[in-house]
Amino acid sequence: MQTQNLIGGNWVGAEDGTSVQVVNPARDEVIAEIPSCGTSETRAAIDAACGARKTWAAKTAGERGRFLSDLAGLMRRDVDRLAGLMTAEQGKPISEARGEIAYAASFLDWAGEEGKRLTGDIIPASAADKRILVLRQPVGVTGIITPWNFPAAMITRKLGPALAAGCTVVIKPAELTPLSALAIGELACEAGIPPGVVNIVTGNASDIGDAMFDDDRVRKLSFTGSTKIGQLLMSKASRNLLRLSLELGGHAPFLVFDDADIGLAVDAAVACKFRNAGQTCICANRFYVQDGVYDEFTNRFAAAIKDLQVGDGAREGVDIGPLINDAAVEKVETHVEDARSRGGKVLVGGERVRVEGLADRFYAPTLIEGMTPGMLLAHEETFGPVAPIARFVHEGEAIESANASEFGLAAYFFTRDASRVMRVSEALEYGIVGANDGGPSTAQAPFGGVKHSGFGREGGRYAMEEYTEIKYVSWRV
Ligand code: SIN
């Protein structure tokens with residue numbers, strides 16, 4: 001297991017020798033000590049990224065694509081080791097961790113290919129002796145700050161397009177889940193990606209972030225995390241007019257209409273809500289079900305939730321692992337207690353689950369009916385395995401409830417009516433809409449939100465644009 005930082009191709013510790021512990025959330029055991037780095041190590045990483053920038057950008061897109069596809073291949077080769085590491089540091093079920101490694105590798109493959117299609121333009125000029133060229137060039141050194149809920153995929157979703165576009169990077173992984181990032185760094189070295197192209201610094205988030213914001217050689221920052229931190233980063237970015245991509249919080253509505261395929265909707269609801277124990281920015285956070293199918297959907301959803309197995313994610317067959325830390329469990333408890341106190345009825349779960357020999361961080365998959373707009377569950381991201389549900393009568397009412405949120409990342413709805421698919425897709429104020437689909441994430445599609453869920457898109461050709469600048473050349477021939 002790699003526990004040192006990657007700076008300029010060397011594996012190093014913090015300059016002052018300090019470290020922080022990485023804890024397995026299911027077992028409350030320390031599994032590693034990693035460097036507690038700050039300003040000077042981040043500057044060294046930026047130096048390295050700057051040093052490597054020109055030669056990396058000068059490679060052909062095909063050469064950069066080959067490095068990315070080699071890295072993706074190595075991740076697939078080591079899927080079991082990487083998934084085990086991820087489950088140990090993050091807690092998610094091992095089958096989901098394996099899926100995340102495949103998902104993470106797909107961003108590298110896709111971006112590596114798409115880099116070959118990054119083209120500019122030639123625009124007809126207004127004078128016979130002029131030509132107008134539009135070039136697309138790498139934005140330069142890029143900071144990448146990632147969250148703990150998807151320790152591998154949130155890195156490669158940024159790393160893939162950044163590298164494919166010709167940028168070099170400094171990655172700051174989440175303090176809680178740095179081991180997956182360091183393992184990807186190790187494989188990047190094995191893939192032959194030149195020193196300085198990928199740098200990884202762990203430790204104090206605000207010192208590392210500030211070192212990126214204070215250094216005008218850093219030209220782009222891509223962040224996934226909470227809206228609160230995103231707002232803070234945006235104010236800091238003004239110092240050097242740093243370009244930002246922010247993938248922030250979500251609060252996804254999930255609408256089920258009378259004409260929906262209920263079996264499909266229930267399966268999607270379970271997968272979408274309880275993946276990663278509900279610790280997903282795009283997971284369904286509130287359910288609105290039309291009167292005519294309310295009882296059938298609720299009964300079938302409740303039955304499916306009761307079948308979910310809670311336990312140590314390292315054990316095959318477990319569906320719901322621990323929440324990431326004590327604060328996460330307390331937040332879920334606060335939301336559930338608030339719902340109870342406002343008349344919500346717990347149909348399934350509604351309490352912690354004690355798992356023999358493990359930490360007290362497991363929360364039962366929960367279904368609560370009678371959600372009202374005043375409940376915390378109805379307007380805050382819960383980030384836990386809780387599904388609140390409300391009944392609606394008219395389509396317009398459901399859309400109004402769905403859009404009554406400051407967030408705008410993902411929304412889902414289920415119907416068999418083709419014209420409703422178009423009408424509701426257009427009406428939902430969200431960056432991602434799943435129409436009869438609870439799992440829209442994929443490497444080639446644009447992932448990102450509107451309103452307080454941030455801006456910028458990851459995935460597909462849209463991601464490539466985030467890491468390039470447009471240069472206009474006016475040429476008198
Ligand atoms: C996230 O929580 O933002 C990632 C979810 C995904 O990529 O599907």
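The legends below describe close-up views of a predicted model, covering its domains, its pockets and cavities, and a selection of its salt bridges.

View 1. The protein chain is divided into domain 1, which is made of residues 5-248 + 453-476, and domain 2, which spans residues 252-442. The C-alpha centres of domain 1 and domain 2 lie 31 Å apart, and the contact takes 25 residues from domain 1 and 30 residues from domain 2.

View 2. Because domain 1 and domain 2 both give residues to the lining, the largest pocket lies between them. Helix H7, strand S10 (218-224), helix H8 and helix H11 each supply at least two residues of this lining, and H8 gives the most, with 6 residues. By class, the lining of the largest pocket divides into 17 nonpolar, 13 polar and 9 charged residues.

**View 3. The second largest pocket.** This pocket has a volume of about 220 Å³. It is lined by 14 residues, and those that lie nearest its centre are Tyr288, Met371, Thr372, Pro373 and Ser401. Two or more lining residues come from each of strand S13 (284-290), helix H12 (376-379), strand S16 (386-392) and helix H13 (395-403). The lining of the second largest pocket comprises 8 nonpolar, 3 polar and 3 charged residues.

View 4. The structure holds 3 cavities of 30 Å³ or more, and the largest cavity contains about 80 Å³ of space. Its lining is built from 13 residues, of which Phe150, Met154, Arg157, Thr280 and Phe447 lie nearest the centre. Both domain 1 and domain 2 give residues to the lining of the largest cavity, so it lies between them. In this lining, 6 residues are nonpolar, 4 are polar and 3 are charged.

**View 5. The second largest cavity.** With a volume of about 50 Å³, the second largest cavity is lined by Phe107, Trp110, Ala111, Arg157, Pro161, Ala443, Gly459, Gly460 and Ala463. The elements that give two or more residues to this lining are helix H4 (94-114), helix H5 (153-165) and helix H15 (460-466), and the largest share, 3 residues, comes from H4. The lining of the second largest cavity has 6 nonpolar, 2 polar and 1 charged residues. Arg157 is among the residues that line this cavity, and Arg157 is also one of the residues that lie nearest the centre of the largest cavity.

**View 6. The salt bridge between Arg239 and Asp210.** Side chains of opposite charge can pair when their charged atoms come close. The count for the model comes to 36 salt bridges, and in one of them the side chains of Arg239 and Asp210 meet at 3.8 Å, N to O. Arg239 lies in the loop between helix H8 (227-237) and strand S11 (243-247), whereas Asp210 lies in helix H7 (residues 205-214), so the pair ties together parts that are 29 residues apart in sequence. Arg239 counts as partly exposed, at 43% relative accessibility, and Asp210 is likewise partly exposed, with a relative accessible area of 21%.

**View 7. The salt bridge between Glu469 and Arg243.** The closest N and O atoms of Glu469 and Arg243 are 3.1 Å apart. This pair links distant parts of the chain, with Glu469 in strand S22 (residues 468-476) and Arg243 in strand S11, 226 residues apart. Glu469 is partly exposed at 34% relative accessibility, and Arg243 is partly exposed at 27%.

View 8. Glu333 forms a salt bridge with Arg352, and their closest N and O atoms are 2.6 Å apart. Glu333 lies in helix H11 (residues 326-341) and Arg352 in the loop between strand S14 (345-348) and strand S15 (366-369), so the pair ties together parts that are 19 residues apart in sequence. Glu333 is partly exposed, with a relative accessible area of 26%, and Arg352 is partly exposed, with a relative accessible area of 26%.

Terms used
Residues are numbered from 1 along each chain as its sequence is written. This is a predicted model: local features need pLDDT of at least 70, side-chain atom pairs count only at pLDDT 80 or more; totals for chains, interfaces and linings use all residues. Side-chain values use heavy atoms; hydrogens and water are left out. A salt bridge is a side-chain nitrogen of Lys or Arg within 4 Å of a carboxyl oxygen of Asp or Glu. Helices (H or I, at least four residues) and strands (E, at least two) are DSSP runs, numbered from the N terminus. Buried means under 20% relative accessible area, exposed over 50%, partly exposed in between (1.4 Å probe, protein chains only). Ala, Val, Leu, Ile, Met, Phe, Trp, Tyr, Cys and Pro count as nonpolar, Asp, Glu, Lys and Arg as charged, and the others, Gly among them, as polar. Domain bounds come from an automatic or database domain assignment. On a 1 Å grid over the protein atoms alone, a cavity is a set of points where a 1.4 Å probe fits but cannot get out, and a pocket is an open set with protein on both sides within 12 Å along at least five of seven lines; lining residues have an atom within 4 Å of a point. Grid points are joined across faces, edges and corners, and a volume is the space filled by probe spheres set on the points. Contact means heavy atoms within 4.5 Å.
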